[in-house]
Amino acid sequence: MHKSPLHEVFAAYGAVFEDRAGFAVAVRTLGAEEEANGIRNEVGLWDNSDIGKIRIKGDGARELLDKTVSGNIEGLPENAIRYTLLLDDDGKIISDVQVYNNFGEYILTCAASRKDRVLEVLSLHNVEGAEIEDISDKYAAICIEGPKAWKISSLFADLDLRSLRLLTFSDCVAGGAKGLLARIGYCGEFGYMLMV
């Protein structure tokens, strides 16, 4: 079973782990009610490193994405994220995905359980000039959610994160490593995801 780079940190806090698509994921450290109240009123953090992370770059990258996802990638501004769907040839949903436009190089994220199928569809429909790379094991990801999430997230970015718009991201440095800090709310609260 794969372990996140953050596995030992969460284990030290007594996390309970479950297998999700071959990845040991910390699902809780406290009781469900205590964790829900913490995220609703303060801040909660969880390891999201198991998500699929796929880099698509090259001259054909945007064409490939416009061909395979339902959202308009051509109109996606730089440093913005499009939450959309990856479809098969019959228009059936394969996975919900998030597409990050990192200055013409794209990062697509999806559920770990759908990553192999997403890679299969992208490869099947690949176009000239597009390079597809599975970077899932190269990046850890942590979600920081709740009304005080911006306070913790601001430790990783040199800007006022309360002004970072939903579905946008900024470069950051965490532990000396370069990464991305995205404003994404997974639980209906103010939130961020740090990929480094």
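Student: How many nonpolar, polar and charged residues line the second largest pocket?

Tutor: Heads-up: this is a predicted model, where local features need pLDDT of at least 70, side-chain atom pairs count only at pLDDT 80 or more, and totals for chains, interfaces and linings use all residues. A pocket here is an open set of points on a 1 Å grid over the protein atoms alone, with protein on both sides within 12 Å along at least five of seven lines, and lining residues have an atom within 4 Å of a point. Among the residues in this lining are His2, Phe23 and Lys115. Count Ala, Val, Leu, Ile, Met, Phe, Trp, Tyr, Cys and Pro as nonpolar, Asp, Glu, Lys and Arg as charged, and the others, Gly among them, as polar, and the lining divides into 4 nonpolar, 3 polar and 3 charged.

Student: And what volume does the largest pocket have?

Tutor: A volume is the space filled by probe spheres set on the points, which are joined across faces, edges and corners. The second largest pocket comes to about 160 Å³. For the largest pocket, the value is about 1,100 Å³.

Student: Which element gives the most to the lining of the largest pocket?

Tutor: That lining has 45 residues, and Trp46 and Asp47 are among the closest to the pocket's centre. Helices (H or I, at least four residues) and strands (E, at least two) are DSSP runs, numbered from the N terminus. With 5 residues, the top contributor is α2.

Student: Is the one aromatic pair stacked, edge-to-face or tilted, and what are its rings?

Tutor: Residues are numbered from 1 along each chain as its sequence is written, and side-chain values use heavy atoms, leaving out hydrogens and water. Rings of Phe, Tyr and Trp (its six-membered ring) pair if their centres lie within 6.5 Å; planes under 30 degrees apart are stacked, over 60 edge-to-face and the rest tilted. For Tyr100 and Phe169, the centres are 5.4 Å apart and the planes at 55°, so the pair is tilted.

Student: Are Tyr100 and Phe169 buried or exposed?

Tutor: They sit 69 residues apart in the chain, Tyr100 in β7 and Phe169 in β11. Under 20% relative accessible area counts as buried, over 50% as exposed, and in between as partly exposed (1.4 Å probe, protein chains only). By that rule, Tyr100 and Phe169 are both buried.

Methods. On a 1 Å grid over the protein atoms alone, a cavity is a set of points where a 1.4 Å probe fits but cannot get out, and a pocket is an open set with protein on both sides within 12 Å along at least five of seven lines; lining residues have an atom within 4 Å of a point.
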